[in-house]
Amino acid sequence: KKAAKSGRTRQKKKERTHHHAMEAVREKLQGAELSEAATKAFLHNYGKLEGGESGLIPEHDIEAVSTLPSLVELQQSGDDGDGVVDGDGSATTRELLSKTIVLKLNGGLGTSMGLEKAKSLLKVKAGRTFLDLIADQISSLSSGVQFVLMNSFSTHEDTIEDLRQSRPEIANQEDLVLIQSKSPKIDATTMEPVSHPKNPDLEWCPPGHGDIYPSLLGTGMLDRLLDKGFKYAFVSNSDNLGAVLSTDLLGHFASSGSAFMMEVAERTEADKKGGHLCRRKEDNQLILRESAMCPEEDKSKFQDVSTHRYFNTNNLWLDLAQLKHKMDECGGMLPLPLIKNKKTVDPRDSSSTPVYQLETAMGSAIECFPNAAAVVVPRSRFSPVKTCSDLFALRSDAYNLTADFRVELAGAAVPVVKLDDAHYKHVDKMERLCPGGSPSLIECKRLTVRGPVIFAGSTAIKGECEIVNDTGEPKELPPGTYEDQTVEL
């Protein structure tokens with residue numbers, strides 16, 4: 001009897017603690033005046049956190065995706081649903097484009113590259129920024145395509161000011177901006193919203209790009225777009241210049257009747273630690289399994305790129321009407337898988353309070369739609385700039401800028417560039433060491449740079465080369481052509 005009474009007491013205490021923590025979360029959300037949709041999305045994630053959901057997807061619960069339609073096959077056969085061919089200017093193409101929005105995720109500051117403004121304002125090719133090239137791409141379509149930027153509080157002012165100066169016709173467009181929400185960090189001990197009086201801003205974090213769905217609904221933009229006759233959305237990251245609206249894919253998506261379509265690419269050994277597409281055995285549903293969702297004992301299967309062949313490029317296609325219907329059906333939200341990140345409230349102070357940051361990924365919405373689809377696209381549609389090594393390659397002659405403002409590979413293969421992070425991690429440091437710009441990389445397969453090497457110009461790298469400077473002081477690589485060799489300065 002004593003044991004039973006003690007158990008009931010512990011349970012009541014646990015329930016009181018849970019109730020108090022939940023009320024504290026609700027109060028925090030209300031104080032920030034978040035939209036109802038954003039509030040519901042966070043409470044859904046918080047419920048999963050408190051419930052102790054592991055989020056693990058073991059190998060025996062899934063099966064590999066063996067075959068999918070491909071963009072190349074669609075283009076070769078001409079069967080993209082409505083007979084639409086890229087750039088054919090047909091009435092069908094124009095009608096589809098007039099019902100389409102292009103939404104770019106523009107919430108990143110690029111802090112990992114040493115940037116303090118919106119990453120999309122970084123000059124990447126021919127003196128143009130990501131934002132310049134995106135705007136040029138939209139303008140070249142000239143078919144009434146609606147452009148939307150999903151900004152964060154950190155990137156909004158810089159982005160809009162740049163557009164006012166360079167593209168006033170876009171800056172004044174109705175429904176141009178969708179502002180990303182924010183989420184309270186949760187104290188890992190008390191499970192309540194963390195308190196950090198020294199800098200209250202650190203009590204909040206970005207909710208991940210899965211926030212696109214509650215933001216579209218909560219701001220009323222989804223309803224306004226539907227009222228204006230828009231039906232489709234093409235969504236991608238602003239730093240992926242390969243993600244250009246394709247009328248082949250638009251035609252295929254429109255004719256498929258799917259609510260959601262993901263562009264996937266073939267995994268290579270370089271991608272084996274990243275997430276993959278698979279099917280849940282229970283209901284044959286397409287889902288994404290990220291690295292954090294894989295049990296330790298299944299890691300070898302997870303990394304087997306011959307079994308799990310496809311990864312998410314984060315280029316997505318949405319049917320807006322079906323999205324709205326699904327969110328209404330789920331009570332004003334999409335039940336996305338939780339991504340739980342254990343951090344400290346001050347990321348620069350490892351001794352500060354341990355917290356959970358709750359995020360969601362927009363690609364994981366594929367599991368919310370029974371009629372979701374995927375299509376295999378060439379690697380050229382996945383060219384993100386995440387590091388200065390990526391930027392170094394993009395600025396070289398290995399990539400061309402086309403007449404319709406796409407960036408495409410000029411040579412036979414993508415050059416794999418690995419710059420020394422100790423000297424090239426930040427853009428300003430890289431640019432000081434490259435006064436002549438990037439060397440010619442059009443015939444380069446791999447370039448590794450160790451130490452502070454100055455590229456002054458009139459230099460070509462071919463094949464596989466390594467440039468080494470172990471002196472610790474910047475040294476110039478003499479102008480010339482280097483092919484399949486190691487150079488020690």
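The following legends describe close-up views of a predicted model.

**Figure 1. Confidence across the predicted model.** The average pLDDT of the protein is 89, and 93% of the residues score at least 70. Over residues 80-87, however, the pLDDT is below 50, although this stretch has 27 contacts in the model beyond near neighbours in sequence. Where pLDDT is low, the predicted coordinates should not be read in detail.

**Figure 2. Strand 14 and its pairing with strand 10.** Strand 14 spans residues 310-319 and is mostly covered, with ten of its ten residues buried. Strand 10, made up of residues 232-237, pairs with strand 14 in the antiparallel sense, and four bridges connect the two.

Figure 3. Strand 11 (residues 260-266) runs antiparallel to strand 14, and seven bridges join them. Within this pairing, glutamate 266 stands opposite tyrosine 310 of strand 14, while alanine 265 has phenylalanine 311 as its bridge partner in that strand. Strand 11 also pairs with strand 17 (residues 373-376), here in the parallel sense and over four bridges; in this pairing, the bridge partner of methionine 261 is alanine 373. Because six of its seven residues are buried, strand 11 is largely enclosed by the rest of the structure. In a regular strand the side chains alternate between the two faces of the sheet.

Figure 4. Helix 6 covers residues 156-166, and Thr159, Ile160 and Leu163 are buried in it. When the helix is seen down its axis, the buried residues fall within an arc of 95°, so they line one face of helix 6. An α-helix has 3.6 residues a turn, so residues three or four places apart point the same way. The buried residues of helix 6 pack against strand 2 (100-106), helix 5 (130-141), strand 5 (146-151), helix 7 (168-171) and strand 6 (177-179). On the face turned away from this buried side, helix 6 carries the exposed residues Glu157, Arg164 and Gln165.

**Figure 5. Threonine 219 in the loop between helix 8 and helix 9.** Threonine 219 lies in the loop that separates helix 8 (212-218) from helix 9 (221-227). When its neighbours within four places in sequence are left aside, the contacts of threonine 219 are with Leu178, Pro214 and Arg224. Threonine 219 and alanine 254 are separated by 35 residues in sequence and by 26 Å in space, C-alpha to C-alpha.

Figure 6. The structure holds zero disulfides. For cysteine 294, the closest cysteine sulfur belongs to cysteine 278 and is 9.9 Å away, which is too far for a bond, since a disulfide requires the sulfur atoms to be within 2.5 Å. Cysteine 388 is likewise in no disulfide, and the nearest cysteine sulfur, that of cysteine 434, is 9.3 Å away. Cysteine 294 counts as buried, with a relative accessibility of 5%, and cysteine 388 is buried with a relative accessible area of 3%.

Note on methods
Residues are numbered from 1 along each chain as its sequence is written. This is a predicted model: local features need pLDDT of at least 70, side-chain atom pairs count only at pLDDT 80 or more; totals for chains, interfaces and linings use all residues. Side-chain values use heavy atoms; hydrogens and water are left out. pLDDT is the predictor's confidence in each residue, from 0 to 100. Contact means heavy atoms within 4.5 Å. Buried means under 20% relative accessible area, exposed over 50%, partly exposed in between (1.4 Å probe, protein chains only). Two strands pair if DSSP finds at least two bridges between them. The arc is that of the directions from the helix axis to the C-beta atoms.
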